[in-house]
Amino acid sequence: MSDTVHRSDLDLPLLHRGKVRDVYLVNDDELLMVASDRVSAFDVVLPQPVPHKGEVLTLITAWWLEQLESELPHHIIAVHPDAIIKRHPELEASRDVWARRAMLVHKTDPVLVECVVRGYISGSAWKEYKQSGTLAGEKLAEGLQESQRLDPAIFSPATKAQEGEHDENITYGQMKEILGDELSETLKDLSMRVYGYGRDVAEKSDIILADTKFEFGHKNGQLMIIDEVLTPDSSRFWPKESYGIGRGQPSLDKQPVRDWLETLDWDKRPPAPDLPDEVVHAASERYKDVFKRLTGTALAEYVPPLFGDDR
Ligand SMILES: Nc1ncnc2c1ncn2[C@@H]1O[C@H](COP(=O)(O)OP(=O)(O)O)[C@@H](O)[C@H]1O
Ligand SMILES: [Mg+2]
């Protein structure tokens, strides 16, 4: 397999090229979601890819979904490259480009609300709290400090932004107006449970899973979790050893990139500056470390799980 893919160009109809994923239509029901090694910082995609990053995102998602399978319906059909090729032999020719970074998934109609759960107050939630004492429109206790743990965790939905725009936080009441009471309650309940599980598991590896974003979709009336799950791109992963309240936290994965960018006189608008090799290398090592620390297995030794009938 290739260590680095900046942009995949498979011979399949491209449904979507996001900041990170190239999503292809394999047939009417199935998508091949290829996680590239593109990295964004301050919401801008950087010119240099970070080796192994896409592989880490895809395999962390598979690692969680295998554990959660009995209680959480999900979109993965196959991740193991042999299992993907068994279903779609024509993908053998491009195997090097997508192996271990791609998931074959059910094509769903995505729910248009992103389900964010926050177990620590940070980022846009900290901003809102400082301004108005609220989070997702609801009053929080007074006197909270930045990065403080929230018990219980708080569900704070957001609308899915169109390309190039930022997601917008909404209240749970607004979510109910968009999706109805029943679906909103189901999504909130699932999100809280999955986050709670993830927070506990990550903590055993000295990783603080500060917050995360889930997406869900429907296929033939069946609700399932889609996209990536509890990865460093969809969540804030903080190293426990440097955690402290009353300030921002370094991120476990992107910190070398962010630190280096902060030394520059760059207005954080595209185009982003070129990253030196050492910074790219340090970032790549970080992603591999996160994988090892969380799963207990070195990335190179990890065998992707089998799902469904392949087991
Ligand atoms: N099973 C699925 N069915 C339909 N759409 C999906 C599924 N899983 C993920 N997606 C969508 O594919 C896209 C993934 O690409 P990504 O690069 O993460 O995009 P973005 O820059 O929008 O985050 C997201 O828009 C996500 O909603
Ligand atoms: Mg995404």
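**Figure 1. Contacts of ligand 1 in the predicted model.** An oxygen atom of ligand 1 lies 2.6 Å from an N or O atom in the side chain of Glu 215. Such a polar contact is a pair of N or O atoms within 3.5 Å; within protein, one must be able to donate a hydrogen and the other to accept it, and residues adjacent in sequence count only if both atoms are side-chain atoms. The side chain of His 75 places an N or O atom 2.9 Å from a nitrogen atom of ligand 1, and a backbone N or O atom of Val 20 is 3.1 Å from an oxygen atom of ligand 1. Taken alone, ligand 1 exposes 560 Å², of which the protein buries 84%; accessible areas come from the Shrake-Rupley method with a 1.4 Å probe, and for residues only the protein chains shown count as cover. The model is predicted: local features need pLDDT of at least 70, side-chain atom pairs count only at pLDDT 80 or more, and totals for chains, interfaces and linings use all residues. Residues are numbered from 1 along each chain as its sequence is written, chains are lettered from A and ligands numbered from 1 in the order in which they are written, and side-chain values use heavy atoms, with hydrogens and water left out.

**Figure 2. The shell of residues around ligand 1.** There are 17 residues around ligand 1, and Lys 19, Arg 21, His 75, His 106 and Glu 215 come nearest; a residue is near a molecule or strand if one of its heavy atoms lies within 4 Å of it. The shell divides into seven nonpolar, five polar and five charged residues. Here Ala, Val, Leu, Ile, Met, Phe, Trp, Tyr, Cys and Pro count as nonpolar, Asp, Glu, Lys and Arg as charged, and the others, Gly among them, as polar.

**Figure 3. Salt bridge between Glu 215 and Lys 160.** The closest N and O atoms of Glu 215 and Lys 160 are 3.2 Å apart in a salt bridge, defined as a side-chain nitrogen of Lys or Arg within 4 Å of a carboxyl oxygen of Asp or Glu. Glu 215 belongs to strand β15 (residues 207-219), while Lys 160 is in the loop between β13 (158-159) and β14 (168-169), 55 residues apart. Helices (H or I, at least four residues) and strands (E, at least two) are DSSP runs, numbered from the N terminus. Glu 215 is buried at 6% relative accessibility, whereas Lys 160 is partly exposed at 32%. Buried means under 20% relative accessible area, exposed over 50%, and partly exposed in between (1.4 Å probe, protein chains only).

**Figure 4. Further salt bridges.** The count of salt bridges comes to 28. The side chains of Arg 101 and Asp 37 meet in one of them, with an N to O distance of 3.0 Å. This pair links distant parts of the chain, 64 residues apart: Arg 101 is in the loop between α3 (95-98) and β7, and Asp 37 in the loop between β3 and β4 (40-41). Both Arg 101 and Asp 37 are buried. In the salt bridge of Glu 69 with Arg 311, the closest N and O atoms are 2.7 Å apart. Because Glu 69 lies in the loop between α1 (53-68) and β6 (76-78) and Arg 311 in the segment after α8 (277-295), the pair ties together parts that are 242 residues apart in sequence. Glu 69 is partly exposed, with a relative accessible area of 25%, and Arg 311 is exposed, with 61%. Salt bridges also link Arg 7, Asp 9, Arg 17, Asp 22 and Arg 38 in a network.

**Figure 5. Helix α1.** Of the 16 residues of α1, 14 are buried, so the helix is largely enclosed by the rest of the structure.

Figure 6. Asp 151 and Pro 152 are joined by a cis peptide bond with omega about 0°; Pro 152 lies in strand β12 (residues 149-155). Another cis peptide bond, again with omega about 0°, joins Pro 270 and Pro 271, and Pro 271 is found in the loop between α7 (255-262) and α8. Ser 147 has a positive phi, near 70°, and is located in the loop between β11 (138-139) and β12. Ser 147 is buried, at a relative accessible area of 1%. Phi of Leu 230 is also positive, near 50°. Leu 230 is in the loop between β16 (222-226) and β17 (235-239) and is buried, at 0%.
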